[in-house]
Amino acid sequence: MALINVKTKEVQIKIVYYGPGRGGKTTNLEYINRIYREQIKTEMVSLKTQDDRTLFFDFLPFDVGQIKGFDVAIQLYTVPGQVKYNATRRLVLRGVDGIVFVADVQQSQRKKNIESLNQLYENLETYKLDLFNIPLVMQYNKIDLKKSDIPTLSSQMLQKDLNSLLKVPAFEASALNGGNVIPTLKKIISITLASIQEHLF
Amino acid sequence: MLNQSQLDAIDHAIETHLIAAGIDHVIYMEMSGNTIAKHDNGKALLDSTAFAALAAGNFAAVDAMAKLVGESEFSLLFHKGENLSIHFSKVSKDTLLVSMFNKNISLGIVRLKVAETIKEIIRVLGDPDIP
């Protein structure tokens, strides 16, 4: 739940990038960190393992200006994607306002995408949140692989697997070179803000 | 959501009990990592946004460990450094009070002052019409 401070006139919003391991969640944040360097007052925090996998979360805060006289601060988090870290994923989801689900377009990852989305549903349930009601954007990442020999899933297939019931906005993206990273971010911010305005202002 | 008079009362409690006692930084925050109130003695700089995110993660991890060993919670955490130490204390189900203090103050004083502050904050949380 977003924190609204009537005294300091601040709104703090938590957006979590969720998805299977090695899908590009951290790469999304690293790209955003590069592009919006001037608006980001602090260093990106990354809690990684020795082999550069996310251990706990990455954290990137930035300001997006004012809404109705309130300064809006967005806090982006990623979760660790590796299967064994579900307890940590659940901890990071606490107080989440909006979610970007980063799916991997590689054909070999099809099952992992679906499993990760199912687990997201279950993890949200522990906080009495419903995946069908929370602001959510799908991102089908690594679309650049379509130019290589690596077998990839079509967007129609991914939509059918992951988004046929949810019916949320979806983007094909390439986090590595920044393709559609910013549109994904803008979309999740706008629908999260809209949802918060509905609830609180 | 806390109203203006509650936030004022929380600020007042932190200033009078903790900052006045010589504690360097105090952050009152939600377990999700959002900061509700932050105070310092004006001498030291701290990236409180990143700090709050890490503190929430840290406390949440320890909380999960408590459950694994059959404890309902570890409501207090303490990290000791050479010059600076950090004291974490759970205030309510969803909030946490973090105090950073230097070697000139004893842990005993900090614990005492934190306990007083928490008592005050709990009173404020329970009463939206606090003066």
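Begin by selecting helix H1 of chain B, residues 4-19, in this predicted model. Its buried residues are Gln6(B), Ala9(B), Ile10(B), Ala13(B), Ile14(B), His17(B) and Leu18(B). Turn the view until it runs down the axis of H1(B): the buried residues lie within an arc of 135°, and therefore line one face of the helix. In length, H1(B) has 16 residues and spans 21 Å from its first C-alpha to its last, close to the 22 Å expected at 1.5 Å a residue.

The buried residues of H1(B) pack against strand S1 (25-30), strand S2 (35-40), S5 and H3 of chain B.

From there, move to H3(B), residues 107-126. This helix has 20 residues and reaches 28 Å between its first and last C-alpha, close to the 28 Å expected at 1.5 Å a residue. Which residues of H3(B) are buried? Select Val110(B), Lys113(B), Val114(B), Thr117(B), Ile118(B) and Ile121(B). Because they cover an arc of only 145° around the axis, they sit on the same side of H3(B). On the other side of H3(B), Gly108(B), Arg123(B) and Gly126(B) are exposed. To see the packing partners of the buried residues of H3(B), display H1, strand S4 (84-92) and strand S5 (95-102) of chain B.

Now bring chain A into view and select the contact between the chains. Chain B contributes 20 residues to the contact and chain A contributes 18 residues. On the side of chain B that touches chain A, the elements giving two or more residues are helix H1 (4-19) and helix H2 (48-68) of chain B. H2(B) gives the most to that side, with eight residues. Coloured by class, the side of chain B that touches chain A shows 10 nonpolar, seven polar and three charged residues.

For the complex, the predictor gives an ipTM of 0.79 and a pTM of 0.89.

In chain A, select strand S5, residues 70-78. Strand S2 (residues 10-18) of chain A pairs with S5(A) in the parallel sense over eight bridges. To locate one such bridge, pick Ile15(A), whose partner in S5(A) is Leu76(A). Strand S4 (residues 54-67) of chain A also pairs with S5(A), in the antiparallel sense and over seven bridges. Here Phe59(A) has Tyr77(A) as its bridge partner in S5(A). S4(A) and S5(A) form a hairpin with two residues between them. In the turn, Lys68(A) has a positive phi of about 50°.

Two further stops concern backbone angles in loops of chain A. Select Arg22(A), in the loop between S2 and helix H1 (25-35) of chain A. Its phi is near 60°, a positive value in a residue other than glycine. Is Arg22(A) buried, partly exposed or exposed? Arg22(A) counts as partly exposed because it has 17 C-beta neighbours inside 10 Å.

Finally, go to Lys128(A), in the loop between helix H3 (110-126) and strand S7 (136-141) of chain A. Lys128(A) is not a glycine, yet has a positive phi of about 60°. With 6 other C-beta atoms within 10 Å, Lys128(A) is exposed.

How values were computed: Residues numbered from 1 in each chain as written. Chains lettered and ligands numbered in written order. Predicted model: local features only at pLDDT ≥ 70, side-chain atom pairs only at ≥ 80, totals over all residues. Contact = placed C-beta atoms within 7 Å. Helix = DSSP H or I, 4+ residues; strand = E, 2+ residues; numbered from the N terminus. Nonpolar A, V, L, I, M, F, W, Y, C, P; charged D, E, K, R; others polar. Expected span 1.5 Å × (residues − 1). Buried ≥ 20, exposed ≤ 12 C-beta atoms within 10 Å, placed from the backbone. Arc of directions from axis to C-beta. Pairing = 2+ DSSP bridges.
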